[in-house]
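Student: I am new to this structure. Please take me through one part of it closely, step by step.

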Amino acid sequence: MEETKNPWTVLSLATVYENKWIRVDHQEVLVPSGAPGVYGTIHFKHHATAVVPIDGNGNVMLVGQYRFPLRAYSWEIPEGGGSRSTTPLESAQRELREECGLAAIHWKEILGVDLSNSVTDERGTAFLAWELFETEAEPDETEKLQLARVPFWDAIDRVKRGEIRDSLSIAALLRVALMALQGELPEQVARAISR
């Protein structure tokens with residue numbers, strides 16, 4: 001597919017809000033047609049990471065928590081944000097340890113995503129982790145978590161029923177399902193989740 005040059009012209013940019021996680025910018029622009037317009041964007045200061053941790057019995061660990069912006073409870077794979085000064089893998093390893101009290105011997109990057117790209121520049125990376133072992137959980141003070149080990153294909157059914165709605169979780173779980181169907185999973189994981 002052919003890439004085209006940027007059709008937008010930024011006339012002015014002003015930061016209207018900033019904290020340690022995000023920056024909100026207001027921009028006066030010329031839209032692709034040349035007409036004047038405005039665009040508000042949210043810059044994320046961290047990189048989103050997510051992990052599909054699959055144990056030897058073919059279970060995936062899901063994390064339940066109340067999501068303040070949605071005012072709703074959410075079931076997700078372990079995920080969070082990491083400083084841009086660390087690698088996405090290091091951030092994903094930290095999230096798995098903090099949220100689930102787990103570590104993994106094997107890791108594979110499976111997906112890169114742009115999240116909500118109409119208003120944000122947030123990017124995410126998802127990993128598959130296997131040969132899990134227990135370590136000490138260290139949840140953030142803002143997290144009150146529930147953990148559930150669910151057979152992998154049951155998690156896929158939860159995605160299909162709309163019970164898992166988090167975009168990074170959906171993308172990563174479906175990526176692993178596609179890898180399974182195409183014979184691209186590590187042999188140990190493929191055996192564990194085989195039906």
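How many salt bridges does a search of the whole structure find?

Tutor: A search of the whole structure finds 12 salt bridges. Keep in mind that this is a predicted model. Side chains of opposite charge can pair when their charged atoms come close.

Begin with Arg-67. Its side chain meets that of Glu-76 in a salt bridge, with 2.7 Å from N to O. The two partners sit in unlike surroundings. Glu-76 has 2% relative accessibility, so it counts as buried. Arg-67 has 26% relative accessibility and therefore counts as partly exposed. The cut-off for buried is under 20%. The pair also belongs to a network: salt bridges link Arg-67, Glu-76 and Glu-79.

Strand 5 covers residues 59-67, and strand 6 covers residues 72-76. The two run antiparallel, joined by five bridges. Across from Arg-67 stands Ala-72 of strand 6. Strands 5 and 6 form a hairpin, with four residues between them. In that turn, Arg-71 has a positive phi of about 55 degrees.

Strand 1 (residues 9-18) and strand 2 (residues 22-30) pair in the antiparallel sense over eight bridges. Ala-14 stands opposite His-26 of strand 2.

Next, take the salt bridge of Glu-98 and Arg-94. The closest N and O atoms are 3.3 Å apart. Both residues lie in helix 1 (residues 88-100); they are four residues apart, so about one helical turn separates them. Glu-98 is buried because its relative accessible area is 11%. Arg-94, at 22% relative accessibility, counts as partly exposed.

Asp-114 and Arg-123 make one more salt bridge, with their closest N and O atoms 3.0 Å apart. Asp-114 is partly exposed, with a relative accessible area of 44%. Strand 8 spans 102-114 and strand 9 spans 123-134.

Now turn from charge to the nonpolar residues. In soluble globular proteins, nonpolar side chains tend to be buried together. The largest nonpolar core here has 31 residues. Those touching the most other members are Val-52, Ile-54, Ile-110, Leu-128, Phe-152, Leu-173 and Val-176. Strands 5, 8 and 9 are among the elements that give two or more residues to this core. Helix 3 gives the most, with six residues.

Leaving aside neighbours within four places in sequence, its contacts include Val-60, Ile-77, Ile-110, Phe-127 and Phe-152. They also include Ala-172, Leu-173 and Val-176. Apart from this core lies another, of 11 residues, among them Val-63, Ala-104, Trp-107 and Phe-127.

Last, look at helix 3 itself. It has 15 residues, 167-181; at 1.5 Å a residue it should span 21 Å, and its end C-alpha atoms are 21 Å apart, which agrees. Its buried residues are Leu-168, Ser-169, Ala-172, Leu-173, Val-176, Ala-177 and Met-179. Seen down the helix axis, these fall within an arc of 165 degrees, so they line one face of helix 3. After the helix comes Gly-183, with a positive phi near 70 degrees.

How values were computed. Residues are numbered from 1 along each chain as its sequence is written. This is a predicted model: local features need pLDDT of at least 70, side-chain atom pairs count only at pLDDT 80 or more; totals for chains, interfaces and linings use all residues. Side-chain values use heavy atoms; hydrogens and water are left out. The expected span of a helix is 1.5 Å times one less than its number of residues. Buried means under 20% relative accessible area, exposed over 50%, partly exposed in between (1.4 Å probe, protein chains only). The arc is that of the directions from the helix axis to the C-beta atoms. A salt bridge is a side-chain nitrogen of Lys or Arg within 4 Å of a carboxyl oxygen of Asp or Glu. Two strands pair if DSSP finds at least two bridges between them. A nonpolar core is a set of buried Ala, Val, Leu, Ile, Met, Phe, Trp, Tyr and Cys residues joined through side-chain atoms within 4.5 Å. Contact means heavy atoms within 4.5 Å.
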